[in-house]
Amino acid sequence: RSVHDALRRVDHRPWPLPDRAWAWRQRWRDVLFAHWSLPSAAVRHLVPGALDIDELDGTTWIGVVPLRMEGVARRPLPDLPWISAFPELNVRLYVRYRGRPGVWFLSLDAGNRLAVWAARRFFHLPYHHAAIRVEKAGAGHALRYDSRRKRSGTAFRATYAAAGESYEAAPGGLEHFLTERYCLFTEVPGGGIRSVQIHHAPWPLQPAAAEIETNGVLDIFDLPVAAAPDCLHYARELDVVHWPLESFR
């Protein structure tokens with residue numbers, strides 16, 4: 001498997017691939033999608049006014065997504081020790097800009113100081129440097145994920161594992177709405193929305209089981225959600241490419 005596999009299939013995309021070469025590659029591994037439903041009005045103040053809150057059947061969702069990053073590199077560079085692999089944790093909302101669906105990140109934590117600096121500098125994303133440890137939990141395939149931000153101490157701790165067979169999400173369903181997103185939006189200094197287009201094969205989703213012990217990355221937003229997620233999904237790995245930050249097209 002490689003980035004070439006990521007580019008081989010395009011029939012599932014909601015719009016065509018960009019007509020220029022991708023710039024970055026990466027592999028996402030051991031991904032947990034933990035999601036909570038809530039009314040759009042509850043998150044409207046967290047998103048720029050130029051973006052619409054995306055809904056499915058009258059509700060929107062917020063996700064907390066821990067994962068491990070590997071093979072992170074700028075084309076055509078090889079993997080670089082201490083730079084190309086690190087754990088990451090994001091909190092995300094689902095939005096539309098001029099009709100196009102995408103992701104709006106409320107926060108991203110990473111265990112790599114250089115990655116945090118680069119993402120803030122070149123993509124204007126709300127990254128935080130965190131001490132993150134990911135290790136096996138017990139004798140099975142469960143993972144223990146433990147993150148704490150360096151400056152604020154905001155923490156996330158969970159144990160999770162796959163709990164069923166892999167499948168592709170059906171268009172129109174909840175899993176598809178939450179995971180099959182092919183761009184992210186960000187706001188540049190001085191105002192103005194920019195996008196980063198991404199591409200990958202359809203997510204190989206599995207049902208998941210998770211125990212979230214501490215969820216400070218979500219709690220700080222003081223939203224009307226329960227302690228336990230409304231739905232959980234897992235993905236073992238996925239190769240991804242993305243393009244540079246650009247004005248919306």
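What is the volume of the largest pocket? I find about 830 Å³ for the largest pocket. I took a pocket as an open set of points on a 1 Å grid over the protein atoms alone, where a 1.4 Å probe fits, with protein on both sides within 12 Å along at least five of seven lines; lining residues have an atom within 4 Å of a point. A volume is the space filled by probe spheres set on the points, which are joined across faces, edges and corners.

The model is predicted: local features need pLDDT of at least 70, side-chain atom pairs count only at pLDDT 80 or more, and totals for chains, interfaces and linings use all residues. Residues are numbered from 1 along each chain as its sequence is written, and side-chain values use heavy atoms, with hydrogens and water left out.

I next looked up the lining. The largest pocket is lined by 41 residues, with Gln26, Met69, Glu88, Tyr127 and His242 nearest its centre.

I then turned to the aromatic pairs (ring centres of Phe, Tyr or Trp, the last by its six-membered ring, within 6.5 Å; stacked under 30 degrees between planes, edge-to-face over 60, the rest tilted). I count seven such pairs in the structure. Tryptophan 28 and tryptophan 203 are stacked, at 5.7 Å centre to centre and 20° between the planes.

Last, I checked charges over rings (NZ of Lys or CZ of Arg within 6 Å of the ring centre and within 35 degrees of the ring normal). The charged end of arginine 75 sits over the ring of tryptophan 22, 4.2 Å from its centre.
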